[in-house]
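Hello,

Here is the structure I promised to pass on. Please open it alongside this email, and read the notes below with it on screen.

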Amino acid sequence: MKAVTYEGYGDASVLRLSNLKKPIPGKHEVLVKIHATSVTAEDPKMRAFNHPPALKIPIGLLFGFKKPKNPVLGMEFSGLVERVGDGVVKYKVGDRVFGYTGLSFGAYAQYKCLPEKALMSSAPENLSFTQAAVMVNGPLSALVYLKKAKIKMGDDVLIYGASGSVGTAAVQLAKYFGAKVTGVCSTRNLEVVRSIGADHVIDYTCQDFLKGNKKYDIIFDTVGKTSMKDCMSRIEPNGKYLITDFGLSHVLTALYTSFLKRKKVIVASSNFHWKQEDLALFKHMAEQGRYLPVIDKTFTLETIADAHKYVESGRKVGNVAVRVD
């Protein structure tokens with residue numbers, strides 16, 4: 001089978017199109033013929049071993065210091081079940097599925113074996129494989145934060161970085177939960193954020209959302225670009241400040257506010273909280289016309305190095321997809 005591999009850490013040039021042995025599913029596994037995957041922000045970081053100093057040792061122990069233990073990256077996928085193990089009851093040959101490989105990676109390939117209990121679900125019938133493939137990482141990340149913030153009907157929510165992978169998901173999920181949404185993004189992405197349901201859109205290049213007296217029940221910084229101190233002054237009593245890219249100061253403040261303050265800082269979004277029923281929710285939303293994946297560009301396995309470069313440029317809007325087959 002075709003797969004994109006890397007034998008050492010480095011820039012996008014380390015990625016190679018290779019031929020690997022097609023996997024065979026075990027008793028409780030399914031073999032998925034992958035039709036599409038994606039390049040998330042995490043993929044280039046893994047490829048380059050570009051992690052915060054505090055994480056380099058644990059990540060190196062898990063995935064290799066000098067070279068990767070698993071040479072195939074890729075976490076999001078969509079495709080067809082081609083074969084099932086004798087003990088599998090949930091899936092059958094021909095099922096359209098989408099899901100997340102997690103720390104086993106391996107989605108940059110034509111085939112992947114996954115446990116029946118993996119983070120996988122039947123794919124939305126009204127979406128293409130390419131669209132379904134990018135409906136995992138961003139939406140699940142956004143959903144965990146919004147659940148922790150206990151978002152509810154009528155909440156006033158501001159989403160900073162509303163045009164990114166997590167941001168476009170957060171806008172649509174917040175609207176689904178009945179919130180009033182203000183999206184913050186650059187000039188060129190204003191229409192994209194409006195098109196996915198934001199009630200108000202702020203262009204950060206010419207307007208400071210912190211100016212004025214407006215306060216929010218939730219401020220969700222999906223890109224780690226805001227000031228925690230400034231944002232806390234714009235949050236209502238019992239409000240929440242959510243941030244996905246955080247440092248030690250955020251963690252300490254989160255611990256402090258969780259016990260002593262009415263306003264809370266929420267920093268951690270662990271994929272241990274991601275569940276199959278969450279994917280079922282996204283499927284339902286998509287089929288009801290209440291969720292539309294935003295795809296900036298689509299690449300192929302042969303051009304996946306270019307996809308990595310594009311994601312690293314910081315210019316992507318929503319998601320970057322990759323056609324596998």
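A residue counts as buried when its relative accessible area is under 20%. Residues over 50% are exposed, and those in between are partly exposed. Keep in mind that this is a predicted model.

**Salt bridges**

The structure holds 11 salt bridges.

Start with arginine 47. Its relative accessible area is 1%, so arginine 47 is buried. It forms a salt bridge with glutamate 312, with the closest N and O atoms 2.8 Å apart. Arginine 47 lies in helix α1 (residues 42–48) and glutamate 312 in helix α10 (residues 304–312), so this pair ties together parts that are 265 residues apart in sequence. Glutamate 312 is partly exposed, at 43% relative accessibility.

Next, aspartate 278 and lysine 147. Their side chains meet in a salt bridge of 3.0 Å, N to O. Aspartate 278 belongs to helix α9 (residues 276–287) and lysine 147 to helix α4 (residues 137–148), so the pair links parts that are 131 residues apart in sequence. Aspartate 278 is buried at 5% relative accessibility. Lysine 147 is partly exposed at 47%.

Glutamate 287 and lysine 283 both lie in helix α9, four residues apart, or about one turn of the helix. Their side chains form a salt bridge at 3.0 Å, N to O. Lysine 283 is buried, with a relative accessible area of 18%. Glutamate 287 is partly exposed at 32%.

**The sheet**

Six strands form an open sheet, and the pairing is parallel. The order is β10-β9-β8-β11-β12-β13. β10 (200–203) and β13 (264–266) are the edge strands, each pairing on one side only. From one strand to the next, the twist averages 15°.

Look at β8 (residues 156–160) and β11 (residues 216–221). They pair in the parallel sense over four bridges. Tyrosine 160 has aspartate 221 in β11 as its bridge partner. Helix α5 (residues 165–176) lies across β8, β9 (180–185) and β11. It runs at about 170° to β8.

**A surface patch**

Which residues form a nonpolar patch on the surface? They are Ile57, Leu61 and Phe65, with about 330 Å² of accessible area together. Phenylalanine 65 sits in the loop between α2 (53–63) and β4 (76–84). At 44% relative accessibility, phenylalanine 65 is partly exposed.

Best wishes

Methods: Residues numbered from 1 in each chain as written. Predicted model: local features only at pLDDT ≥ 70, side-chain atom pairs only at ≥ 80, totals over all residues. Heavy atoms only, no water. Pairing = 2+ DSSP bridges. Helix = DSSP H or I, 4+ residues; strand = E, 2+ residues; numbered from the N terminus. Axes fitted to C-alpha atoms, helices over the stretch in contact; angles between N-to-C directions. Contact = heavy atoms within 4.5 Å. Patch = residues over 30% accessible without salt bridge, like charges linked within 9 Å, V, L, I, M, F, W, Y side chains within 5 Å. Areas by Shrake-Rupley, 256 points an atom, 1.4 Å probe, with all protein chains shown as cover. Salt bridge = Lys/Arg side-chain N within 4 Å of Asp/Glu carboxyl O. Buried < 20%, exposed > 50% of the residue type's maximum accessible area, 1.4 Å probe, protein only.
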